[in-house]
Amino acid sequence: MSAVPDGKKLVRSPSGLRMVPEEGAFSSPFCLREPQWVPDRECPRCMQCDTKFDFIRRKHHCRRCGRCFCDKCCSRKVALPRMCFVDPVRQCAECSLASQKESEFYDKQLKVLLGGGTFVVTVGMSEKSETMTSRLSNNHRYLFLDGDGHLEVELSRISSMQILTDGSSPGETDLHTYTSLLDNHFLSEGGTSRPSGMLLLYRPSGSQDGQQLRMEAADDRKLASLWLAAMHKAAKLLYEARDQ
């Protein structure tokens, strides 16, 4: 283990080198925990094709799920930023496909969220709205909204997220509920219209009461739409991480 700049440390695990935050409590909510490997004694055969292991057919562990496979079923090395690996690591076919799909979020959409978008923001049932820039914090734990005032929304305290989209006809607006970050049910995606706003329900720090936050695209609607689409992807990753 060695210290590196920016509050991170380089850690060597059985799966490979990982760059993790100095304080584990402040790690990104998008990160997944490194799995425990299935013990060698419990996997005499490949858990995919059922090939028996011997001196020639060696067993390999998928770095994402920890299960045991033969070389043929676990030969791909794919980047796994959700576990902070420095280099691509060995993964089974199912896990490598999931990791490849997530790579777009880290390569493109995460940068959009960090860059921010401009929205007209309404808090609760207030009749007053304010134009604010919303962006994801560098540690990915908060939404920062800045205008004349400042507001912070912790992602882990968001109970539901709804996406407002432009309707197919002029003047119409469809409301699609994409995902719930804390509730147990996963609501289906609806429609293919461009996102135009977002409705959040969250619990402010120190309060058990829910607070509503409505955000609607301001001047740069294209950038706002890209930011909302990226936020939708982020919400899906957070939801899926609850069961992994």
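The sulfur of C31 lies 3.8 Å from the closest cysteine sulfur, that of C84, which is too far for a bond. A disulfide, a covalent bond between the sulfur atoms of two cysteines, was taken here as a pair of cysteine sulfur atoms within 2.5 Å, and a search of the whole structure on this basis finds 0 disulfides. C73 is likewise in no disulfide, the nearest cysteine sulfur being that of C70 at 3.7 Å. With buried defined as under 20% relative accessible area, exposed as over 50% and partly exposed as in between (1.4 Å probe, protein chains only), C31 counts as partly exposed at 24%, whereas C73 is buried at 15%.

The model is predicted, so that local features require a pLDDT of at least 70 and side-chain atom pairs count only at pLDDT 80 or more, while totals for chains, interfaces and linings use all residues. Residues are numbered from 1 along each chain as its sequence is written, and side-chain values use heavy atoms, with hydrogens and water left out.

C84 also draws attention through its backbone, having a positive phi of about 65° although it is not a glycine. Most residues other than glycine have a negative phi. C84 is buried, with a relative accessibility of 15%, and lies in the loop between β6 (76–78) and β7 (89–91); helices (H or I, at least four residues) and strands (E, at least two) are DSSP runs, numbered from the N terminus. A positive phi, of about 70°, is found in D50, again not a glycine. D50 is placed in the loop between β3 (16–21) and β4 (59–61) and is partly exposed, with a relative accessible area of 47%.

Strand pairing, for which DSSP must find at least two bridges between two strands, was examined around β8. Strand β8 (residues 117–123) pairs with β9 (residues 130–136) in the antiparallel sense over 5 bridges, and V121 stands opposite E130 of β9. These two strands form a hairpin with 6 residues between them, and G124 in the turn has a positive phi of about 60°. Strand β8 is also joined by 5 bridges to β15 (residues 211–217), the two running antiparallel, with V120 opposite E216 of β15.

Within β8, T122 is buried, its relative accessible area being 13%. Counting heavy atoms within 4.5 Å as a contact and leaving aside residues up to four places away in sequence, T122 touches K128, S129, Q212, L213 and R214. The side chains of T122 and S129 are joined by a polar contact of 2.6 Å, that is, a pair of N or O atoms within 3.5 Å, of which, within protein, one must be able to donate a hydrogen and the other to accept it, residues adjacent in sequence counting only if both atoms are side-chain atoms.

A nonpolar core was defined as a set of buried Ala, Val, Leu, Ile, Met, Phe, Trp, Tyr and Cys residues joined through side-chain atoms within 4.5 Å. The largest such core has 31 residues, of which F30, L143, M198 and W227 touch the most other members. At least two residues of this core come from each of α1 (93–115), β8, β9, β10 (142–146), β12 (158–166), β14 (195–202), β15 and α2 (221–241), and α2 gives the most, with 9 residues. Apart from this core lies another, of 12 residues, among them C68, F69, C73 and C95.
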